[in-house]
Amino acid sequence: MSARTRKDIATAPLPAVVVNAKRIFLANGGGSNLAYDAFYAAIKDWGKYEIVGSPDEAELIVELAYRTEQGGTRVWSTNNTYDGTTQVHSRQIVDPQLVLTIYDAKTKNSLWSEVDHRRLARREKNREEETIDSAERLVNDLKARASVVSRKYVNKGGRVCQE
């Protein structure tokens, strides 16, 4: 058995309704106006979809939300061999993330969801840059998936293969 990597796995296509839609409503799921603004600008620059002013006019509702997950606390200790003391340190584990969810505008069913884990940064300027980069990564992944042609997959002896 050989080890498989990400390169060995084909990119799955988006649902056809997402690829074929013309009009979308962009919803701010909260958390960061900067993330939403950057996402909105990147979607607009892409030009694939017409951004409409209400969900009633849209085929899809595309929601971007900024969340910070709290993952507990990391605790570790260091020993000073010179004087024999031990210091205990702790740091809260946080995971800032942008969550993209695409809904069917008529049924409100979720069609696609993706999370981008924004890199941590100490300075405000760097946090802003990381937030913008994260929003742009989500749009770039959406672009890449929208360009994947849907392929027919068949089950051959327990293995899923392309035809």
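Here are some questions and answers on how the labels for this predicted model follow from its values.

Q: What makes up the protein chain, and in what order do its elements run?
A: The protein chain has three helices and seven strands. Starting at the N terminus, they follow the order α-β-α-β-β-β-β-α-β-β.

Q: How do you know how many of the 163 residues count as buried?
A: A residue is called buried when its relative accessible area is under 20%. In the protein chain, 30% of the 163 residues count as buried. The chain exposes about 11,000 Å², with carbon and sulfur atoms supplying 47% of that area.

Q: Why is Gln97 called buried?
A: The cut-off for buried is under 20% relative accessible area. Gln97 has 9%, so the label buried applies. This residue sits in strand 4, which spans residues 85–104.

Q: Which residues does Gln97 touch, not counting residues up to four places away in sequence?
A: Gln97 touches Ala65, Tyr66, Arg67 and Glu69, and also Val115, Asp116, His117 and Arg118.

Q: What makes the pair Glu59 and Arg23 a salt bridge?
A: A side-chain nitrogen of Lys or Arg must lie within 4 Å of a carboxyl oxygen of Asp or Glu. For Glu59 and Arg23 the N to O distance is 3.7 Å, and their side chains meet in a salt bridge. Glu59 is in the loop between strand 2 (50–51) and strand 3 (60–80), while Arg23 is in strand 1 (residues 23–28), so the pair ties together parts that are 36 residues apart in sequence.

Q: Why are Glu59 and Arg23 called partly exposed?
A: Partly exposed covers the range between under 20% (buried) and over 50% (exposed). Glu59 has a relative accessible area of 25%, so it is partly exposed. Arg23 has 32% and therefore gets the label partly exposed too.

Q: How do you know that Arg137 and Asp116 form a salt bridge?
A: The N to O limit is 4 Å, and the side chains of Arg137 and Asp116 meet at 2.8 Å. The pair links distant parts of the chain, with Arg137 in helix 3 and Asp116 in strand 5 (residues 110–117), 21 residues apart.

Q: Are Arg137 and Asp116 buried or partly exposed?
A: Arg137 has 27% relative accessibility and so counts as partly exposed. Asp116 has 13%, so it is buried.

Q: How many salt bridges does the structure hold?
A: The structure holds three salt bridges.

Q: Which residues gather in the patch of negative charge on the surface?
A: The patch consists of Asp45, Glu128, Glu129, Asp133 and Glu136. Helix 3 (residues 124–146) gives the largest share, four residues.

Q: Why is Ser110 called partly exposed, and which residues does it touch?
A: Ser110 has a relative accessible area of 48%, so it is partly exposed. Ser110 is in strand 5. Not counting residues up to four places away in sequence, Ser110 touches Thr101, Ile102 and Tyr103.

Q: What separates the C-alpha atoms of Ala12 and Val148?
A: Ala12 and Val148 are 136 residues apart along the chain, and their C-alpha atoms are separated by 7.4 Å. Ala12 lies in the segment before helix 1 (16–20). With a relative accessible area of 37%, Ala12 is partly exposed.

How values were computed
Residues are numbered from 1 along each chain as its sequence is written. This is a predicted model: local features need pLDDT of at least 70, side-chain atom pairs count only at pLDDT 80 or more; totals for chains, interfaces and linings use all residues. Side-chain values use heavy atoms; hydrogens and water are left out. Patches are made of residues with over 30% relative accessible area and no salt bridge: like charges are joined within 9 Å, nonpolar side chains (Val, Leu, Ile, Met, Phe, Trp, Tyr) within 5 Å. Accessible areas come from the Shrake-Rupley method with a 1.4 Å probe; for residues, only the protein chains shown count as cover. Lys and Arg count as positive and Asp and Glu as negative; His and the chain ends are not counted. The place of a charge is taken as NZ of Lys, CZ of Arg, CG of Asp or CD of Glu. Helices (H or I, at least four residues) and strands (E, at least two) are DSSP runs, numbered from the N terminus. Buried means under 20% relative accessible area, exposed over 50%, partly exposed in between (1.4 Å probe, protein chains only). Contact means heavy atoms within 4.5 Å.
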